[in-house]
Amino acid sequence: MKQLFFSIGSVVVATTLVVAMFAVRQIDQEQAVMVSDLEFRTRLLSESLQESIEPNYLTNSRQILQKTVDRFSDRERLAGIAIYDNQNDIVISSSNLPKEIIENPEVVSNAMDADKEMGVFDQSGDSKLYLFVSPIHQEKSVAGALLVVQKAGYIDSRISDIWKNNIFRLLIQALIFSIAIVIIIKLVVFRPLANFVHYVRSIRSGNPTENINDSHAFFQPLTREIKSITQSLTQARSAASFEARMRLEKLDTPWTAERLREFIKTYLHGSQLYVVSNREPYIHQKTKNGIVCQVPAGGLVTALDSVMEACGGMWLAHGSGDADRDTVDSHDMIRVPPGDPSYTLKRIWLTEEEIQGYYQGFSNESLWPLFLTVHVRPLFRKEDWVQYQRVNAKFAKKLLAELKGKKNPIILVQDYHLALLPAMIKKVRPDAKIGLFWHIPWPSPEAFSICPWKDEILQGILGADIVGFHIQQFGNNFMDTVSREMEARVDFDQFSVIYKDHASFVKPFPVSIAFTGEEASMVSLEEKEALLKKFHITTKYFAFGVDRMDYTKGIMERFKAIEFFLEGHPEYIRQFTLLQIAAPSRESVPQYQQFSLSVANEATRINEKFGDAKWSPIVLLNQHFSHNEINPLYRIADVCMVTSLHDGMNLVAKEFIAAQSVKSGVLILSQFTGASRELKDALIVNPYSAEETSGAIYKALVMSDGEKRERMERMRKIVMNYNIYRWSAEFIKAIVDIV
């Protein structure tokens, strides 16, 4: 677009210069002609007047002179006539002659002194005049002078009209040229380039369209290069596909997006893949610079977006961005990711009442504290439960509309927001294979039993063929809950539940990230210094925390541990900084509003206790950051602190490990995260103990480089061997294999 505006601007400037040059030339010529014509006409008039005026002037016939002057003074462009004696005194003048002309006869005296005709332009108020003087002779001496004054303002008016006409002509020409340029560029440049982009994108996505049109001679060199690249890419993809097929059953080799894609082709047999969640993977927001696309914080999006990019399909989610409606088509769909789309996002719209009851109320004030068990009392309201049922039914209706005509669809329902959805879908489409993945912990039967609608929630979940949890303990808690609350057959040998002749299998699938073992790019010393300066970090040691602003993430406990650390190890004052990124979350929920305020106050208190004008031990940023912005911070951090009070998995820990290509960082990890079951080489802590976490910080800072590398290498191997692609393959395979 900038190039288009530049092209149009260049043409407009060039056209303006050309028109201006011709306009100046035309004005000069026109002005010269009009001045010459005025001088010529005035001279003729003066000569004709002098023939009758000179004899009467010499005979002193004033009455005849006055009649002669008055007879000529009513002409359209004649401003007046005057006769002077040789002493520059007025003898006769017409009544309409401007007073300032009569009283300042400098040109008259000059003409009589030089004894020759003279013409000059003068200004009288707003009027431009032309004064022409002819000497009157008696014998051979000058006896007086005849002054003829012509109106010359029409010359300026004519010049002004010429300028206006040329400016108007310029605007018309600029408009015509601009339209012509837009049409030419669109037809000759943009359309062929758009075809090229569409073709290359289809090749890159593995779904080639028709060949590039060779009719654009201007782009033939580019066409040949693109065809050559296409052939090379096709060959490379074919080789990768073959290799992926060969490795499908070899779980000892790394899983990649290509391997998962081949796996999906093999096991889905053409079935469509659907992901359903409350949170959407891409949010469009309005800003002062236009509409921007954001990736929301959270492990669910981090995990499943990579899967959908590899496999394609459709993701149904609540459209929560204020520009989401402006970016979808007539079916509420948009291809994502932006710039390189590989799957379809279908947005579902909720009313404010539904959001308040279903999301803010029942999901976040009832189920979230119920399942996370972090000593926040759940609030159960009937009206919230009604909205929760209504929204789950709305999701079911939208999904069922998409399933029409699709045979044996594979549906992946995500998290506690949609606990009722599996049973709703299974009732209408028993052929659909449904997997529900529970991204948060499942509590003990005693804790769950306080929910007034526990039976309905369990019945909804048991509509799924596979119920997945992060770790075995959560699955055990679920099985215990079902056996205690439901009239169902619970088989602990097969780990299945038979309810109303339908079997649901409960399995652990520890979710992960898209890490295949590739080394992250190094951060240079200059880049590191610039990055730390950006966040006002000047200390030798740098710890990093990345969380949603949520009371389950242990941010307050983390700050308390920092306070204990600095009290117990004062040598690290002005040598250690914690950068805490806390992305805003559920800001309309009162508990979260109060928690955000408490976090800010606690950071301020600790900074005032230890800090000074040049250093603060805690740098708190309550804002969203993209993965591209966070990854360099992972790479340079000495310590990453994950101190969740309870968490299903926590992918921040795995993201930090994946970014540690130099293996110089240390992970401090809460024992209450699912990740702590896998990442034994992290420094595992009880986040409720500030002393224990403080001790882990000190141990991380004094740990030898060799021990850091050994620990990090073992954890990187774990994350690589069980990445998101393997998680997806095992979860989907478990669903497909159900008879």
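In this predicted model, five strands form an open sheet with antiparallel pairing, and their order is S2-S1-S5-S4-S3. Strand S2 (90–93) and S3 stand at its edges, and because each has a single partner strand, one side of each is left without a neighbour in the sheet. Another open sheet has six strands, paired in the parallel sense.

**The antiparallel sheet**
- Strands S1 and S5 are joined by seven bridges in the antiparallel sense, and alanine 82 stands opposite leucine 147 in S5.

**Helix H4 and its packing**
- Helix H4, which covers residues 106–114, has as its buried residues Val107, Val108, Ser109, Ala111 and Met112.
- These buried residues of H4 pack against strand S1 (78–85), strand S3 (118–124), strand S4 (127–138) and strand S5 (141–151).
- Aspartate 115 follows H4, and the phi of aspartate 115 is positive, near 50 degrees.

**The parallel sheet**
- The order of the six strands in this open sheet is S20-S19-S18-S21-S22-S23.
- Strand S20 (618–621) and strand S23 (683–685) are at the edges, where each has a single partner strand, so one side of each is left without a neighbour in the sheet.
- Strand S22, made of residues 666–670, pairs with S23 in the parallel sense over three bridges, and leucine 683 in S23 is the bridge partner of isoleucine 668.

Terms used
Residues numbered from 1 in each chain as written. Predicted model: local features only at pLDDT ≥ 70, side-chain atom pairs only at ≥ 80, totals over all residues. Heavy atoms only, no water. Pairing = 2+ DSSP bridges. Helix = DSSP H or I, 4+ residues; strand = E, 2+ residues; numbered from the N terminus. Buried < 20%, exposed > 50% of the residue type's maximum accessible area, 1.4 Å probe, protein only. Contact = heavy atoms within 4.5 Å.
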